Amino acid sequence: MVRTVDSLGKSLAELALQEPAFAQVIERHGHPEPRSSPPGATTLLRTIVGQQVSVAAARSMWTKFEAAFRSPPDLNLLVDASDEALRAAGISRQKAGYIRSLAALVTSGELKLDQLPADDEEAIALLTRIKGIGRWSAEIYLLFAEGRQDVWPAGDLAVQISIGRLLNLPDKPTEKQLREAAEKWRPHRGAAAILAWHSYNAVGTAL
C-alpha cells in the first residue's frame with residue numbers, strides 16, 4: 001500500500017537502497033506526501049468529467065454535474081440520462097457516453113469496484129471496459145484510490161520525463177522502455193511513480 005506515510009516511507013526506503021538516483025531525490029527534496037482518492041464510482045466519474053480540461057474548468061463542471069445528478073452522483077439516474085440532460089449539466093456528448101458506460105457497468109453488477117481482482121493487470125482489464133477509461137486512468141485509479149503498491153503508470157509523461165532525467169538517459173524513455181527499466185523496482189513501482197512526480201514538480205519539466 002502507498003496510501004499512508006508509513007507504508008509509502010517503507011517502499012521509498014527500499015527504492016533508495018536499490019537506486020542511488022532515488023536516494024538523491026529524497027535527500028534533496030524530502031519524502032513526497034501520500035496521495036489518495038476515495039475508491040468507487042465517484043472518483044472515476046470525476047476522472048471522466050475532468051478529461052482534457054483545466055483543473056479549474058473540471059472543478060466548475062463537477063459542481064454543475066453534482067447539482068444536476070446529486071452528490072455523490074446517482075448512477076441509476078445516469079444510466080438513462082439523455083445527452084441533452086447531461087449537456088445541460090456541462091457534459092459533452094462524448095463524455096455522456098463514457099458516463100453512461102460506467103453507470104451501466106456498475107449498476108448491473110458487471111463491474112464491482114469494491115471487489116476488483118488482486119492482480120493488477122486483471123483489475124486494469126476490468127476498469128478499461130468503461131468507455132473513456134484507458135490504461136493510464138485505470139492505473140491512476142488503482143494507485144491512488146486503492147493504494148496498490150506496484151502499479152506503474154509508465155505512460156505518464158511526467159513520470160517519463162522525471163525518470164529519464166534521474167537515470168541520465170539521452171532521451172525521454174518510451175512507455176515500453178520505462179516498463180522494462182522499472183522491472184528491478186518491483187514490488188515498489190507505485191512509490192517510484194510518486195517519487196518521480198515529486199521530483200518533476202520540484203525540478204521542473206526540462207529534460
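1. A polar contact is a pair of N or O atoms within 3.5 Å; within protein, one atom must be able to donate a hydrogen and the other to accept it, and residues adjacent in sequence count only if both atoms are side-chain atoms. S7 lies in helix α1 (residues 5-18); helices are DSSP runs of H or I with at least four residues, numbered from the N terminus. With 17% relative accessibility, S7 counts as buried (under 20% relative accessible area, with a 1.4 Å probe and protein chains only).

2. The model is predicted: local features need pLDDT of at least 70, side-chain atom pairs count only at pLDDT 80 or more, and totals for chains, interfaces and linings use all residues. Residues are numbered from 1 along each chain as its sequence is written, and side-chain values use heavy atoms, with hydrogens and water left out.

3. The domain assignment, which is automatic or from a database, gives domain 1 (5-36 + 150-205) and domain 2 (41-145). Their C-alpha centres are 28 Å apart. To the contact (heavy atoms within 4.5 Å), domain 1 contributes 15 residues and domain 2 contributes 8 residues.

4. Helix α10 (residues 157-166) has 9 of its 10 residues buried, so it is largely enclosed by the rest of the structure. The buried set is A158, V159, Q160, I161, S162, I163, G164, R165 and L166. These residues pack against α2 (20-29), α11 (175-181) and α12. At the start of α10, a side-chain oxygen of D156 comes to within 3.1 Å of the backbone nitrogen of A158. After α10 comes N168, with a positive phi near 60°.

5. The axes of α10 and α12 (residues 189-203) come within 8 Å and cross at roughly 80°. Axes are lines fitted to C-alpha atoms over the stretch in contact, and angles run from 0 to 180 degrees between N-to-C directions. The two helices, α10 and α12, are therefore roughly perpendicular (65 to 115 degrees). From α10, A158, V159, I161, S162, I163, R165 and L166 meet A193, A196, W197, S199, Y200 and V203 of α12. The residues of this contact divide into 10 nonpolar, 2 polar and 1 charged; Ala, Val, Leu, Ile, Met, Phe, Trp, Tyr, Cys and Pro count as nonpolar, Asp, Glu, Lys and Arg as charged, and the others, Gly among them, as polar.

6. α12 also packs with α1, at an angle of about 85° and with the axes 9 Å apart. α1 and α12 are therefore roughly perpendicular to each other. L8, S11, L12 and L15 of α1 make the contact with A191, A192, I194 and L195 of α12. By class, this contact has 7 nonpolar, 1 polar and no charged residues.

How values were computed. Parallel < 35°, antiparallel > 145°, perpendicular 65-115°, else oblique. Buried < 20%, exposed > 50% of the residue type's maximum accessible area, 1.4 Å probe, protein only.
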